[in-house]
Amino acid sequence: MSLRCISILVFISVTFHGYAQLVTKKDYTAAFALQAGAESGILMTSKISKFSITPSAGLKMTFPFSRKWFMGSEINYSQLKTVNKHSNSGTEYRLKLDLEQITIPVYAKYMLNSNRGMFLFGGYVSYLLSDNHSYCVNGESLSPEVSPVSPKNGIKKWDYGFTLGYEQLFTRHLALSFKINCGVQSLADLPDDKKCIPLKASLTLSYDLFRIGDCGCH
């Protein structure tokens, strides 16, 4: 075998070995970050009359498997403020929601070749902390005794669904995330089998407070 062929093989071997290290080596074992931002939500199955932008904040945790794959989870304070309308046989219904929730998404993250951007996908579950809502028929509020979202048949305590998003790293510790949570169940049992399935979008900035097993790699 000629010297040129040997040199080429050595170059390919070293290059492949370096690439494999880049893909599989982990910089840390776990990272814990504080995050804050804003979010907005709607009900997908009704006409949107009003929606609001509300603050959100929480704790974010990241667990890398390699340089490409990560597992993430969050514990966030979240709100859903929206007014939705629907009509049936000339009767107009209006549902106004002002909910406070604890939302816990769990997702996988995949690092793009830029080593700055990551796609994320997974699911979430939310628990209802407080419920302030009203239900109107033709502009008149129904009393709790006859409202379909009465305390007995009210807003469900638990909500769950899918999570999709994108995360952009600015530094090793600072990241901006955009996420969409899409529910799979109705938050309440409304007349005429009308569904109120939530869709929420959030934009949050997070900063790693500390990392376990941080090697200081860049």
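Q: Why is Gly123 called partly exposed?
A: The relative accessible area of Gly123 is 23%. Buried means under 20%, exposed means over 50%, and partly exposed lies in between (1.4 Å probe, protein chains only), so Gly123 is partly exposed. This is a predicted model, in which local features need pLDDT of at least 70, side-chain atom pairs count only at pLDDT 80 or more, and totals for chains, interfaces and linings use all residues. Residues are numbered from 1 along each chain as its sequence is written, and side-chain values use heavy atoms, leaving out hydrogens and water.

Q: What does Gly123 touch, not counting residues up to four places away in sequence?
A: Gly123, in strand β6 (residues 117-137), touches Ile104, Pro105, Val106, Gly161, Phe162 and Thr163; contact means heavy atoms within 4.5 Å. The C-alpha atoms of Gly123 and Gly161 are separated by 5.6 Å, although these residues are 38 residues apart along the chain. A strand is a DSSP run of E with at least two residues, numbered from the N terminus.

Q: What makes Asp208 count as buried?
A: Asp208 has a relative accessible area of 10%, and is therefore buried. This residue lies in strand β10 (residues 198-212). Leaving aside neighbours within four places in sequence, Asp208 is in contact with Ala31, Phe32, Ala33, Arg172 and His173.

Q: With which side chain does the side chain of Asp208 make a polar contact?
A: The partner is the side chain of Arg211, at 3.1 Å. A polar contact is a pair of N or O atoms within 3.5 Å; within protein, one must be able to donate a hydrogen and the other to accept it, and residues adjacent in sequence count only if both atoms are side-chain atoms.

Q: How many aromatic pairs are there?
A: The count comes to six aromatic pairs. One of them is Phe32 with Phe63, at 6.4 Å centre to centre and 90° between the planes, which is edge-to-face. Rings of Phe, Tyr and Trp (its six-membered ring) pair if their centres lie within 6.5 Å; planes under 30 degrees apart count as stacked, over 60 as edge-to-face and the rest as tilted. Phe32 lies in strand β1 (residues 30-43) and Phe63 in strand β3 (residues 53-64), so the pair ties together parts 31 residues apart in sequence.

Q: Why is the pair of Trp69 and Phe121 called edge-to-face?
A: The ring centres of Trp69 and Phe121 are 6.4 Å apart and the planes stand at 90°, so the pair is edge-to-face. The pair links Trp69 in strand β4 (residues 69-88) with Phe121 in strand β6, 52 residues apart.

Technical notes. Helix = DSSP H or I, 4+ residues; strand = E, 2+ residues; numbered from the N terminus.
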